[in-house]
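Dear colleague,

I am handing over the structure below, and I would be glad if you could look through it before reading my notes, which follow directly after it.

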Protein chains: 2
Amino acid sequence: MPVGLNENEIHVLGEVVSHKRKIQRGGYLHRAGSKFQSLYAIRSGFLKTCILEQDGRQQVTGFHMTGELLGLDAISTEIHTCDAVALEDSEVCEIPFAKLEEISRTIPSLMHHFHKIMSREIVRDHGVMLLLGSMKAEERLASFLLNLSRRFLIRGYSEYNFNLRMTREEIGSYLGLKLETVSRAFSKLQDENIIRVDNKHIQINDMTRLRMKMGNSSCIT
Amino acid sequence: MPVGLNENEIHVLGEVVSHKRKIQRGGYLHRAGSKFQSLYAIRSGFLKTCILEQDGRQQVTGFHMTGELLGLDAISTEIHTCDAVALEDSEVCEIPFAKLEEISRTIPSLMHHFHKIMSREIVRDHGVMLLLGSMKAEERLASFLLNLSRRFLIRGYSEYNFNLRMTREEIGSYLGLKLETVSRAFSKLQDENIIRVDNKHIQINDMTRLRMKMGNSSCIT
DNA sequence: CGTTGCATTGAGGAAAATCAAGTTGAGTGG
DNA sequence: CCACTCAACTTGATTTTCCTCAATGCAACG
């Protein structure tokens, strides 16, 4: 979160971030239906958020990594609308939302920054809607891989080699595809020598052609 | 917007809302790429927002009616990410965002309310993602009609009879379907006597069965 | 070393896209 | 007022894409 804040502001913000929480792989950060108190800033690890329908239908709404903020959806009703599950051992900072609002009154730049973060989430969701609404399986997967790649790069990891933390089924849920379709799309991209797949490990051989696979360049954040 | 504000607060907010703007049917409230200055509260009318890709791909990201707030996506980069087009003659209030932030510092309930609105938009988008990711054509259309119906009801119109402001193609874009598929889904629902379709006019004959068509009840806002 | 969960692959089928007419209705101009 | 145009809609035939079902592979783990 601390971007565009001066040292004093960061100090004040530090007061708010009450305590850290560790979540084991497979553990829940929060569940749909639970009371909302705090936002969570991811310190390390990897989580997914998903909504679960009464009829069993499930949809992964996002994969989240270090530096991202979780819980924004719950502000509106003060009830979490989704589950947040750790896909690997993770650590988060709890940010009591009431305190955040209080402090942001005295630190305009903090408030503004927070608004930008919420807005970015909306933009991201619109990107996913475009993906789900108008792309074919292979395009969706290409888009997904490029998005991951970029986020790893930003965090100082290789953009060409990384490990997926999620299963094919979770990828499929996020992309609106069945796991078999995801698997086939991986195989196809591998056959074309665009990527190399070894179980959860992905190597991107030809970034340019991967980008071409999706017809558009507006990546999802 | 004014919900949960006292009279004084509303008065102050009134100062912010600088001027009203009329947009003719077919006209643009804002275009993707244009500089963001203000949010827009819809006073009357009906608009769509859509993102347009370089390759011509288009996605309607939402249909918006009286009382809703437009422009939230642009806060993050201060550039509008989508077009907003009036589907009928509409009137909006311009709310300079810088002023809104400034005033919300002195009116905590206004700030909190604004956060809820942004959060609700995120929840809505997640609902659309679920729809696009896991529903069939007919389920999507049922979900869409029920959502419209509810929003008309809230605004004091009939939940059983209403006119669509958008074309089949726009519905299709929003729902991730082609216009022919939308048309067929309409016909199918009509054949089953669940709705009556006459061009843009929709009559819902059997709300219960329409609800059953979509397997879940979490409506999109 | 069998179990278990995840992944791959193939065959067949269902859903939606695409292609192709035709229809309707609103608006325009003769 | 009628013919004309154009855009939006409907419907049918065909093709593509993805889903479903089923078999198999494969690594991790007790």
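In this predicted model, strands E8(A) and E9(A) form a hairpin with 2 residues between them, and within the turn A:Asn199 has a positive phi of about 60°.

As for the two faces of E9, which spans residues 201–204 of chain A, the covered one carries A:Ile202 and A:Ile204, while A:His201 and A:Gln203 lie on the uncovered one.

The other topic is the cysteines, for which the count over all chains comes to 0 disulfides. In the case of A:Cys93, the closest cysteine sulfur is that of A:Cys82, and because the two sulfurs are 19 Å apart, they are too far from each other for a bond. B:Cys82 is likewise in no disulfide, as the nearest cysteine sulfur, which belongs to B:Cys50, is 7.4 Å away, whereas a disulfide would need the two sulfur atoms within 2.5 Å. With regard to accessibility, A:Cys93 is buried, having a relative accessible area of 7%, and B:Cys82 is buried as well, with a value of 1%.

Conventions. Residues are numbered from 1 along each chain as its sequence is written. Chains are lettered from A and ligands numbered from 1 in the order in which they are written. This is a predicted model: local features need pLDDT of at least 70, side-chain atom pairs count only at pLDDT 80 or more; totals for chains, interfaces and linings use all residues. Side-chain values use heavy atoms; hydrogens and water are left out. Buried means under 20% relative accessible area, exposed over 50%, partly exposed in between (1.4 Å probe, protein chains only). Helices (H or I, at least four residues) and strands (E, at least two) are DSSP runs, numbered from the N terminus. Two strands pair if DSSP finds at least two bridges between them.
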